[in-house]
Amino acid sequence: MGENLEWRRKYAWRLTIVDACIVLWATLGAFLIRFGVGDQFATEETSVAYAVFAIVLAVVWWVMLGAWGSRNSTILGSGTDEYKRIASASLWLFGLIAVLSYTFKVDTARGFVGLALPAGLGGLLLSRWLIRQHLTLERGRGASSSRVMVVGSPYAAEHLARSLSSRPSAGYSPVAVYLPGASAPADLPDGFDIPVAGYDPTVASIITAIRFTGVDAVAISAGVNLRPLDLRRLGWELAALNVSMILAPALTDVAGPRIHTQPVAGLPLIHVSTPKLTGGKKVAKRAFDIAGAGSLLLLAAPVLAVLAVLTKMSSPGPVFYTQERVGLRATTFNMVKFRSMVTGADLQLSGLLLAQGSADKPLFKIENDPRITPVGRILRKYSLDELPQLFNVLTGSMSLVGPRPQRDGEVALYDDDARRRLYVQPGMSGLWQVSGRSNLSWEESIRLDLYYVENWSLMSDLVILFKTFKAVFASTGAV
């Protein structure tokens, strides 16, 4: 197990060095810019005092980054906790400096502090992002990850193991499952190739399996056939072995901000808040849509004019194509796009769907669609045909980010889960578009859309829009 944890020590040491370099660069750089040119100091003592202050500030900053847990291996490579802890430690430090300066009437150069904070915080965030990209590449090759044994009932253990395997960037690699109390051999789905380490529901047998498999983390899934006292004993044994213990509740696609833990009678009760896009959140999203769509239309006006001319010249027919789509709460609206197909293309859709055997699927996509014009193929490749939907965003029928609006015939094939897509405004871009675009299956697309509906936030919209440009220029499939 010691060798499996070597990557943690390596990355902890790497982050320690990088953090020290960044904060020294920020504080000493701010000192030189603010005071290093010309006769900036009244006395030599003042010069020495500010130089010492810059060094002390760098040391304290570096210590606080560690104290806030920003180098903890459990948050590396996935999620936003790493960035939040860096920002929190930095803002607390400079906030404390401001309070102490005011309380004790210490004259701290505002220009020096004003340079050091943004430079240091920006450098720290950028360096962590770069290190995360390298870590993600390593994990994609199967390295720098925690070897995990999943413990639970057959169904729950299989679901958790598959979920962890699907996100190697998170750093948890399932190498075995343990099914306490299940009958041998367990009834696991076809294609599940992770070996079963045991069935005996005793702590001693589980510990034996942990030693044999050499894992450095144990994930306890929902429905595990162990008594609460056995779970506590298991936790003690794992602590003695320096093996992490992870509890995975039966919650699927629920983001961290919705989860709140409250200790009651020695039990960690998990409260899950209900997602609501109302009140101030609704106003903020609408204001963001208006400002974003308006700005993009102004910037893209010359491009829109050129594309309109090219569309008109590509084939006989109008420049714009409008189609009725289903939006918020199942209301309909006319979505506008640059025309990328020949005139009368909708009349050919049903025949083409029948020909490729997908008429019963709620995602009407034609492979190698013969209706697309040469110019339209380029427009679709880079999603330029979608730009006129900025007008839909301005009028309020669409949002910049949300589930993709679909035709009435597609919505008619929705099951109860898929209908939750209609709880929010449809969007020009969405989570599934930036996660694989049209190469994803219908089931995976729905799962990502439901995750967005359940966990919406303005920050997630910003992240999706940022990723949209990368997905578009990667040209991995039209949205």
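Residues are numbered from 1 along each chain as its sequence is written, and side-chain values use heavy atoms, with hydrogens and water left out. Because the model is predicted, local features need pLDDT of at least 70 and side-chain atom pairs count only at pLDDT 80 or more, while totals for chains, interfaces and linings use all residues.

**View 1. The largest cavity holds about 60 Å³ of space.** A cavity here is a set of points on a 1 Å grid over the protein atoms alone where a 1.4 Å probe fits but cannot get out, and lining residues have an atom within 4 Å of a point. Points are joined across faces, edges and corners, and the volume is the space filled by probe spheres set on them. Two cavities of 30 Å³ or more turn up. Of the 13 residues lining the largest cavity, Val326, Arg404, Arg421, Leu422 and Pro426 lie nearest its centre.

**View 2. The second largest cavity has a volume of about 40 Å³.** Look for Tyr11, Leu15, Leu76, Gly77, Glu82, Arg128, Ile131, Arg132 and Leu135 around this cavity. Helix 1 (6-35) and helix 4 (110-140) each give two or more residues to this lining, and helix 4 has the largest share, with four. Helices are DSSP runs (H or I, at least four residues), numbered from the N terminus.

**View 3. Salt bridges join Arg128 to Asp19 and to Glu82.** A salt bridge puts a side-chain nitrogen of Lys or Arg within 4 Å of a carboxyl oxygen of Asp or Glu. The closest N and O atoms of Asp19 and Arg128 are 2.7 Å apart, and this pair links helix 1 with helix 4 across 109 residues. For Arg128 and Glu82 the N to O distance is 2.9 Å; here helix 4 is linked with helix 3 (residues 81-103), 46 residues away. Buried means under 20% relative accessible area (1.4 Å probe, protein chains only): Asp19 has 1%, Arg128 1% and Glu82 2%. Asp19, Arg71, Glu82, Arg128 and Arg132 are linked in a network of salt bridges.

**View 4. Leu24, Leu28, Ile55, Val59, Trp62 and Val63 make a nonpolar surface patch of about 470 Å².** Helix 2 (44-67) and helix 1 each give two or more residues to the patch, with the largest share, four residues, from helix 2. Patch residues have over 30% relative accessible area and no salt bridge, and nonpolar side chains (Val, Leu, Ile, Met, Phe, Trp, Tyr) are joined within 5 Å. Areas come from the Shrake-Rupley method with a 1.4 Å probe, and only the protein chains shown count as cover for residues.

Definitions and conventions: 1 Å grid on protein atoms, 1.4 Å probe; cavity = no way out; pocket = protein on both sides within 12 Å on 5 of 7 lines; lining within 4 Å. Patch = residues over 30% accessible without salt bridge, like charges linked within 9 Å, V, L, I, M, F, W, Y side chains within 5 Å. Buried < 20%, exposed > 50% of the residue type's maximum accessible area, 1.4 Å probe, protein only.
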